[in-house]
Amino acid sequence: MINRYLQNGLQGKYAHYQTDLLFNGLSWEMAGEKPEGSPHSVWELLFHMNYWQEFILAELREETPESPQDLSESWPGSPYPSNEQQYTETVTQFLKGLGQATQQASKDSLEEGLGGRKRTAADLLMVLINHNSYHAGQVVYARRLISAWPPPDGDGISE
């Protein structure tokens, strides 16, 4: 049961818009628009979500990722991606990481401590679900403010 719960949470099912569709139909130029009333552009949110997703995936692989000295390192230096390739590669990296996390959620050993610690894979996956869910809401809000919501292939609501 926990496997299905974690997989659904990672994919955004029953909680918010599907996580893997958040960036569909958004050009790299629009991703960099920082709407009035929003603290971040979609690009900044994507970068930040990707940063921490990669951090958590490293922990799930029982690596020891280096914690940033300053949390601002998890945000890009600009609200705009440098170019279309950078944006596309970052979206692809995010989706690949989301798939890896979903695969991790299918494992049987989710309640076992990682690397001799009390923190389990289930704990880390819940952190990722909560983090992505929080920022997914910000992505939707920012996209609404720049008139880029819903995506052209969806109705903008959760399943």
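Does Ser147 count as buried or exposed, and what is its relative accessibility? At 66% relative accessibility, Ser147 counts as exposed. The model is predicted.

**Helix 1 and helix 5**
- Helix 1 spans residues 2-11 and helix 5 spans residues 121-145; their axes come within 9 Å and cross at roughly 25 degrees.
- Helix 1 is therefore roughly parallel to helix 5, because angles under 35 degrees count as roughly parallel.
- The crossing of helix 1 past helix 5 is left-handed.
- On the helix 1 side the contact uses Ile2, Tyr5, Leu6, Gly9 and Leu10, and these meet Ala122, Leu125, Met126, Leu128 and Ile129 in helix 5.
- By class, the residues of this contact between helix 1 and helix 5 are nine nonpolar, one polar and no charged.

**Helix 3 and helix 4**
- The axes of helix 3 and helix 4 (residues 84-104) come within 9 Å, with a crossing angle of roughly 35 degrees.
- Helix 3 and helix 4 cross in a left-handed sense.
- The residues of the contact of helix 3 with helix 4 comprise 10 nonpolar, eight polar and one charged.

**Helix 5 and the segment after it**
- Helix 5 has 25 residues and reaches 36 Å from its first C-alpha to its last, close to the 36 Å expected at 1.5 Å a residue.
- Ser147 follows helix 5 and has a positive phi, near 60 degrees, in a residue other than glycine.
- Pro150 is also located in the segment after helix 5, and a cis peptide bond with omega of about 5 degrees joins Trp149 to Pro150.
- Most residues other than glycine have a negative phi, and most peptide bonds are trans.

**Loop residues**
- Ser41 lies in the loop between helix 2 (28-31) and helix 3 (42-60).
- With a relative accessible area of 0%, Ser41 is buried.
- Not counting residues up to four places away in sequence, Ser41 touches Ala31, Gly32, Glu33, Lys34 and Pro79.
- Glu62 is in the loop between helix 3 and helix 4 and, although not a glycine, has a positive phi of about 65 degrees.

Conventions: Residues numbered from 1 in each chain as written. Predicted model: local features only at pLDDT ≥ 70, side-chain atom pairs only at ≥ 80, totals over all residues. Heavy atoms only, no water. Axes fitted to C-alpha atoms, helices over the stretch in contact; angles between N-to-C directions. Helix = DSSP H or I, 4+ residues; strand = E, 2+ residues; numbered from the N terminus. Parallel < 35°, antiparallel > 145°, perpendicular 65-115°, else oblique. Left-handed = near helix turned anticlockwise from the far one by under 90°. Contact = heavy atoms within 4.5 Å. Nonpolar A, V, L, I, M, F, W, Y, C, P; charged D, E, K, R; others polar. Expected span 1.5 Å × (residues − 1). Buried < 20%, exposed > 50% of the residue type's maximum accessible area, 1.4 Å probe, protein only.
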